[in-house]
Amino acid sequence: MAASMTHEKSWFLALALGVTFLKCLLINAYHSTDFEVHRNWLALTHSLPVSQWYYEATSEWTLDYPPLFAWFEYGLSHIAQFFDKEMLVVQNLNYASPATILFQRLSVIVADVVFFYAVKECCKCLREDKGKDLLAKPPFILTVLLLWNFGLLIVDHIHFQYNGFLFGILLLSIARHFQGQLPQVLSRLFPFKRGLCHAYWAPNIWALYNIADKAFSILGVKFKLLDINKLPKASMTGGLVQEFQHSVLPSVSPLATLVCTLLSILPALFRIWHRPNGARGFLRCLVVCALGSFMFGWHVHEKAILMAILPLSLLAVESREDARIFLILSITGHYSLFPLLFTTQELPIKIFLMLLFTIFSVTSLKTLLRKGGALLNPLEATYLLGLIPLELILNLPMTCSVVVIS
Amino acid sequence: MENLSLISLCVLLGLTSRWAVSFHSYSGAGKPPMFGDYEAQRHWQEVTYNLPVHEWYFNTTNNDLNYWGLDYPPLTAYHSLVCAYVAKLLNPEWVELYASRGYESHSHKLFMRATVLFTDILIYIPAVLLYCFYFCDGSSKQKVATALCILLYPGLILIDYGHFQYNSVSLGLALWGIVGLGLGWDLFGSLAFTLALNYKQMELYHSLPFFCYLLGKCIKQGLTGRGFFNLAKISLTVLVTFALCWMPFLSDPKQPLQVLHRLFPVDRGLFEDKVANTWCSLNVLIKIKTLLSRETQLFLSFALTLLFNLPSSLKLLSKPTLWQFKLALVNSSLAFFLFSFQVHEKSILLAALPVCLVINEIPLIAIWFLLTSTFSMLPLLVKDGLLLPYVVTSLAFLFLSLYLLSALERSTEEALRLGFYHQLTQHWLPKLNLSRIIKWKFWFSLAAMAAVSFISVWLEPPAKFPDLFPVLVSILSFLHFLGFVIYFNLVQLMEPQRKKSQKKTN
């Protein structure tokens with residue numbers, strides 16, 4: 001019928017427009033210090049000569065992304081001056097006028113166009129699937145999983161970052177690889193002075209290592225095996241970026257993390273070297289490397305889990321095994337991003353969007369890949385459902401105290 | 001995809017947009033001494049919590065009616081009382097007699113917004129879902145799409161979660177009434193509607209269709225037999241509900257009179273501020289507000305309201321079907337909006353609700369009306385600092401509803417219920433392509449509304465006419481509403497007395 005044909009042709013636009021409108025509504029939501037980080041970078045790229053960019057240190061948020069991103073900020077700064085010239089003054093620390101907020105938020109939203117284009121290209125790489133109803137088509141499901149990804153929405157459009165734009169470039173290169181062109185992957189800088197863990201611990205092996213160290217030191221003091229005065233003052237969750245020493249277990253050096261990371265990804269690299277399995281094999285190896293770097297890397301940000309989740313989405317719509325892993329990884333990974341939004345006002349948004357994404361991914365993948373029984377076994381399902389009581393327990397005291405204090 | 005997941009996704013999208021809009025400002029934020037509707041609602045919590053019932057509607061030393069005195073029926077007062085109890089638990093400062101006047105804080109705002117979300121989830125959203133599932137044609141995907149469009153109607157979201165009101169309670173209860181009547185549960189439907197009426201007196205705009213539908217149905221069942229029995233049951237339900245709601249006020253005859261005096265402030269004049277109805281628009285040309293006496297104004301408005309309601313009500317009386325009932329609701333509320341006394345721009349929501357209910361049958365016209373209704377409230381929204389959510393929600397509603405309901409494809413003359421028009425003009429204008437004309441008018445009108453929105457925000461009004469832009473908005477909206485009331489009346493009245501015509505299904 002005429003109506004369903006329009007739906008066939010323009011569903012991508014509807015999904016893209018829909019998520020863009022949602023992002024616009026979130027313009028006035030909470031934003032983190034990353035907002036000031038990017039304002040500072042706008043200011044310094046605009047006001048200073050290139051030679052000074054990586055030396056400028058008026059603000060604590062010095063430039064720590066590669067030059068391409070710095071040029072991107074430089075380009076943005078030329079548009080920024082039409083919104084509010086004051087944001088481009090380096091000395092205006094923490095400047096956040098309504099025009100500044102509007103401009104910065106819009107810049108993320110507009111930059112996401114790169115991401116939209118990349119997603120469209122990725123959909124072209126999926127196997128043909130004719131004769132299915134729209135909601136059960138892999139390109140449709142993949143588009144929702146990527147465009148409406150919970151992690152990207154809350155990290156980019158509330159917390160404030162440009163991951164969509166950057167992931168767009170990554171996904172585009174993956175798509176080009178699928179389409180038979182050489183990949184051009186960007187590399188990142190490694191800020192060694194920043195410490196083993198980021199201010200918010202990424203849930204990786206070093207977080208467990210820190211906890212074990214803390215536990216041992218507390219037990220050691222309790223059982224009088226250690227002298228409390230001789231222990232270094234470790235404030236690992238203080239929210240500041242600094243180096244710190246471990247108390248009981250041996251301190252971990254950047255070299256150690258590099259070795260661990262390399263060891264973890266070596267089998268996958270070896271396999272792809274010996275028996276390359278085409279574009280899908282490359283993608284699988286990419287996901288393994290992302291996970292390995294996340295688990296063992298130095299100063300990993302919790303947002304880095306998206307580097308594994310987003311590419312895995314492509315594989316999830318085509319294979320049962322991948323869909324299983326994707327569900328467990330994405331639900332847990334997205335949940336691990338919850339501490340990024342700690343304000344009461346954003347709590348409902350967090351919950352609604354998480355439920356939205358989770359319900360969609362579970363039901364659509366279940367329907368798409370229903371041959372062969374349930375996707376998740378009872379243990380896995382229990383683990384994931386257990387996140388709900390966990391969130392309730394964590395939230396109750398916090399909400400009460402916030403309300404009572406004010 | 002299973003139905004339950006689709007429904008959950010739809011509801012979650014509706015909830016997310018509602019809560020995201022709530023981040024923005026509210027009526028009277030930071031504007032002493034009077035502030036706005038937000039402060040009024042907070043003040044009612046203060047009054048109902050601290051004062052005995054018999055003082056709520058009276059001017060006493062503790063209750064200054066000039067400072068946001070209660071002017072909604074008792075159910076609103078009870079609702080405020082319940083909220084006040086919760087407020088007292090969280091932070092007693094919020095409802096301290098006198099001391100809490102003008103209280104503003106981030107956590108208080110969260111509390112107030114949360115109360116709106118709570119009643120929305122409890123009353124309005126389930127009613128919308130039930131309506132779509134029982135009374136919408138098409139596949140279950142079509143029903144969910146309709147529900148999503150109704151939930152994304154910008155007008156209600158902006159007023160309830162932006163400006164700050166509880167329209168979702170009264171409109172939700174009215175919708176439960178409609179669902180009840182549609183399912184044949186007349187008593188339940190009457191109960192729900194009576195509760196709605198006792199929450200906001202503006203629900204009177206819907207009362208004639210409810211009355212005529214039920215009366216018509218009883219007449220068809222035979223006034224000497226079952227019909228009379230049903231009529232008696234319904235009347236009893238309504239009377240008992242009224243009595244229960246007004247019970248605390250029935251001890252002293254002065255009480256109900258004072259409450260009615262507060263609910264219907266005839267002293268306040270034909271209209272206040274700029275509103276897109278006949279009187280305000282007429283006033284631009286002829287100063288009727290000063291020309292005619294108060295009594296004449298009252299009489300004129302009463303007479304015209306009744307006159308414009310008559311054809312629709314009579315048709316419904318003779319043919320009490322759900323389709324006629326919905327159209328009558330539209331026509332009645334529009335007639336009241338255009339001609340009644342003391343109409344506020346937010347009252348357009350009372351017409352918007354029944355139009356939402358026909359969005360699946362006549363998508364293009366319904367979407368057009370719903371966007372116009374949101375546009376008509378622009379001056380109010382700009383004053384409240386809600387320009388960004390206004391633009392975003394209106395655009396989102398426009399694109400998503402056109403897409404999900406395939407409105408532009410379903411705009412043939414038959415789909416627009418204008419078959420009779422074609423028969424009329426067939427002889428002297430055989431080549432008339434009504435469908436194309438209407439689509440052109442639709443886009444042109446949207447462009448006009450966008451242009452007026454743009455200039456009223458970006459440009460400064462000339463010094464001689466400081467109110468130019470609000471007047472422009474209200475006149476443009478008024479002309480649209482006039483067109484809509486004629487259209488919907490024609491659709492309702494021209495429907496053949498036999499079974500209704502085939503509707504297009506997907």
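A:Lys124 and A:Glu121 lie 3 residues apart in helix H4 (residues 98–124) of chain A, so about one helical turn separates them. Helices here are DSSP runs of H or I with at least four residues, numbered from the N terminus. A:Lys124 forms a salt bridge with A:Glu121, with the closest N and O atoms 2.9 Å apart. A salt bridge is a side-chain nitrogen of Lys or Arg within 4 Å of a carboxyl oxygen of Asp or Glu. Over all chains, the whole structure holds 18 salt bridges.

The model is predicted: local features need pLDDT of at least 70, side-chain atom pairs count only at pLDDT 80 or more, and totals for chains, interfaces and linings use all residues. Residues are numbered from 1 along each chain as its sequence is written, chains are lettered from A and ligands numbered from 1 in the order in which they are written, and side-chain values use heavy atoms, without hydrogens and water.

The interface between the chains was examined next. Chain B contributes 39 residues to the contact and chain A contributes 36 residues; contact means heavy atoms within 4.5 Å. The area buried between chain B and chain A is about 3,400 Å². This is the accessible area (1.4 Å probe) that two parts lose on being put together, summed over both. Carbon and sulfur atoms give 76% of the buried area. Between chain B and chain A, the count is 1 salt bridge. The side chains of B:Lys141 and A:Asp133 meet in a salt bridge at 2.3 Å, N to O.

Helix packing was described within each chain. In chain A, the axes of helix H7 (residues 163–178) and helix H10 (residues 278–296) come within 9 Å and cross at roughly 150°. H7(A) is therefore roughly antiparallel to H10(A), a label for angles over 145 degrees. Axes are lines fitted to C-alpha atoms, for helices over the stretch in contact, with angles from 0 to 180 degrees between N-to-C directions. From H7(A), the contact uses A:Ile174, A:His177 and A:Phe178; from H10(A), it uses A:Ala279, A:Arg280, A:Phe282, A:Leu283 and A:Leu286.

In chain B, the axes of helix H7 (residues 167–183) and helix H9 (residues 207–220) come within 12 Å and cross at roughly 15°. H7(B) is therefore roughly parallel to H9(B), a label for angles under 35 degrees. B:Ala174, B:Gly177, B:Ile178 and B:Leu181 of H7(B) meet B:Phe210, B:Tyr213 and B:Leu214 of H9(B).

Key:
Helices (H or I, at least four residues) and strands (E, at least two) are DSSP runs, numbered from the N terminus. Angles under 35 degrees count as roughly parallel, over 145 as roughly antiparallel, 65 to 115 as roughly perpendicular and the rest as oblique.
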